[in-house]
Amino acid sequence: MAHSARRDSPELPDFSLLKRLARDQLIYLLEQLPGKKDLFIDADLMSPLDRIANVSTLKQHEVDKLYKVEYKPIVSTSDQLCFLIRPRIQTVKWICDVANADKAAGRFRRYKIIFTPQKFYACEAVLEEQGIFGDVTTDEWAFYLLPLDDDIISLELPEFFRDNFLAGDQRWVRTAGSALHLLHTVYGPFSKIHGIGRFSKMAYESWREQVEEGETKARQAEIGKVFLIDRDVDYVTPLCSQVVYEGLVDDIFRIKCGCVEFGTDVTSSDKRVKVMLNSQDKVFDEIRNEHFSNVFGFLSQKAKNLQTAYDKRRGMDIQQIKTFVSEELKGLKQEHRLLSLHIGASESMMKKKTKQDFQELLKTEHSLLEGFEIRECITFIEEHINRQVSMIESLRLLCLLSITENGLLPKDYRSLKAQYLQSYGVDHLLTFANLKQSGLLVEQQPGETLTVMESKVGKLVNDKAAGKLTDAFSSLAKKSHFRALSKKLNLVPKSDEEYDLRVPRDMAYIFSGAYVPLSCKLVEQVLERDGWTGLEEVTRLLNGHEFSVTGSSGGESRAKNDAQRIVLVMFLGGCTFSEISALRFLGRERGYKFIVVTTAITNSSRFIETLLDNHA
């Protein structure tokens with residue numbers, strides 16, 4: 001069931017050091033404001049902060065009360081206020097309002113703003129404009145990386161995707177470069193850096209600048225190769241429904257900072273339960289990368305094994321029972337608690353995901369990926385929109401149709417857009433503009449719809465017949481970038497053979513054997529070739545910006561073996577749990593260990609939500 005790693009698999013570096021560095025720096029910054037103080041924290045920093053320094057740690061360093069930033073007048077009576085925030089103009093303006101309200105009331109307080117991961121000039125300009133630049137002290141908490149598990153690290157910057165790929169705001173690129181620099185400083189030197197995408201190249205250059213500015217110390221390398229990849233290199237993968245266990249849990253219950261909250265339908269009680277989902281949870285660790293169809297069988301077997309372990313108490317003498325209670329019982333109880341939670345979660349997901357609708361949805365997605373029965377797919381999407389099943393899901397399917405078909409035919413684009421706006425409201429016009437700008441939902445330009453083959457056919461028959469043929473061939477004969485990439489990299493395995501999901505043969509298992517994620521296939525191909533040689537046509541279809549650079553050689557013995565099989569893959573713009581599962585599979589097959597660093601964990605819903613016109 002759970003795939004076992006190769007015996008020669010290298011050990012992963014210990015990333016708990018990153019947490020200690022972040023915690024120590026935060027404590028140092030808090031102590032710069034001596035005495036009791038109230039701490040105001042940005043809402044989206046609360047979960048990451050909890051993983052670094054809990055409430056008791058903060059209290060030990062004279063934090064009296066904790067508040068969430070809520071953009072309204074404050075109730076704190078403390079004479080010292082500390083604000084831990086992201087560098088956002090809206091938040092800085094609110095702090096200015098707080099300080100100016102105190103001034104107007106004749107109240108004197110000390111204010112400290114800690115920006116994380118860095119402060120921007122625009123924020124300081126706001127302080128100056130509002131007349132409080134001299135009344136506050138500002139600092140930076142260089143909290144770039146949050147380890148979520150042994151092999152997952154997040155920058156916790158979900159806004160990276162919208163800011164860069166839609167708004168063209170590149171301020172977070174240096175943050176990504178700084179994160180890479182921190183990893184290089186602590187776990188480097190890297191032997192080779194590969195990348196693809198405009199922002200990947202910029203992040204690499206930012207990192208190189210920082211390396212050249214700082215001192216280089218010869219160290220034993222713990223990470224060998226690095227791969228940087230822009231999210232827009234592969235839009236298809238985050239638009240597909242997830243069917244591995246961890247991905248499904250994220251889709252339905254929302255995993256936040258490696259933690260999930262299960263409701264009463266899962267816990268079978270009147271209480272909600274928060275659970276950390278990582279490799280420490282032995283039950284979860286064995287099923288997280290599995291296709292959902294295999295999970296129930298495993299959990300059922302696990303329950304039987306657990307019962308057998310409990311039953312062995314019978315017939316024990318006093319001494320044996322004493323040993324059993326002190327050494328095994330606590331572990332069995334913990335395993336039993338986790339097992340019942342994952343069984344409850346699986347049952348809840350089963351109810352939601354095995355309905356006829358979901359099966360039809362997956363069938364439509366697979367048809368779009370294969371490029372078959374496109375007219376039927378469009379009909380399904382129209383029904384989905386007209387029944388108002390889900391606003392986000394309808395958009396997701398439209399985007400998947402557009403990307404796999406290299407844009408929609410003008411008549412289809414106009415018709416589907418009109419139906420969507422009628423069904424969900426004309427205020428979504430801006431959303432369509434956002435999707436068009438980011439290349440997710442576009443209309444084909446004249447001349448793109450006919451292939452050479454269709455043109456030749458058109459010359460052989462009369463206009464009327466040619467029109468019919470054009471309609472029939474428009475979706476099948478068209479050469480889109482996705483189709484060409486799919487063919488070159490064999491992204492869609494042949495569907496004439498049965499795919500056994502219990503014994504996966506390639507990374508396609510994460511999408512029920514229908515599709516190998518393009519992002520992960522690129523990583524596989526580049527590692528095989530040790531560069532982009534032989535992939536020139538692929539990179540041309542992906543608009544280039546690829547690079548391979550040999551890093552500094554930290555010529556220790558480990559750099560030549562173990563570290564070379566530790567590969568760090570950095571996703572700029574978010575990655576999904578499905579991609580993480582695929583890379584883990586690839587690592588097991590090839591004797592690598594992958595570390596995934598991402599600006600944020602995403603899924604199809606969050607991916608689309610970031611591009612909605614009303615997204616704050």
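Predicted model: local features only at pLDDT ≥ 70, side-chain atom pairs only at ≥ 80, totals over all residues.
A cavity is a set of grid points where a 1.4 Å probe fits but cannot get out.

Rolling a probe the size of a water molecule over the atoms shows where empty space is left. How many cavities of 30 Å³ or more does the structure hold? I found 2 of them. I then picked the second largest cavity, which has about 30 Å³ of space.

**Entry: an open space**

Next I looked up the second largest pocket, and I noted a volume of about 670 Å³. Its lining is made up of 28 residues, and Asp232, Val233, Tyr235, Leu541 and Asn543 are the closest to the pocket's centre. Which helix gives the most to this lining? My answer is α22, with 3 residues. I also listed the elements that each supply at least two lining residues: α6 (159-166), α8, α17 (391-404) and α22 (481-489). By class, I have 13 nonpolar, 11 polar and 4 charged residues around the second largest pocket.

**Entry: one serine**

Helix α8 made me curious, and I stopped at Ser200. This residue sits in α8, which covers residues 198-213. Is Ser200 buried or exposed? I put Ser200 down as buried, because its relative accessible area is 0%, and buried means under 20%. I then checked which residues Ser200 touches, leaving out its neighbours within four places in sequence. The contacts of Ser200 are Leu228, Ile229, Asp230, Phe547 and Leu572.

**Entry: a sheet**

Strands of a sheet pair through backbone hydrogen bonds, either parallel or antiparallel. Here I followed an open sheet of 5 strands, in the order β2-β1-β3-β4-β5, and its pairing is parallel. Why is one side of β2 and of β5 left without a neighbour in the sheet? I see that β2 (63-68) and β5 (136-140) stand at the edges, each with a single partner strand, so one side of each has no neighbour there. On average, neighbouring strands of this sheet are turned by 20 degrees against each other, with direction ignored.

I took a last look at one pair. Strand β4, residues 110-115, is joined to β5 over 5 bridges in the parallel sense. For Ile113, I noted Thr138 in β5 as the bridge partner.

Notes. Residues numbered from 1 in each chain as written. Heavy atoms only, no water. Helix = DSSP H or I, 4+ residues; strand = E, 2+ residues; numbered from the N terminus. Buried < 20%, exposed > 50% of the residue type's maximum accessible area, 1.4 Å probe, protein only. Contact = heavy atoms within 4.5 Å. 1 Å grid on protein atoms, 1.4 Å probe; cavity = no way out; pocket = protein on both sides within 12 Å on 5 of 7 lines; lining within 4 Å. Points joined across faces, edges and corners; volume = space filled by probe spheres on them. Pairing = 2+ DSSP bridges. Axes fitted to C-alpha atoms, helices over the stretch in contact; angles between N-to-C directions. Nonpolar A, V, L, I, M, F, W, Y, C, P; charged D, E, K, R; others polar.
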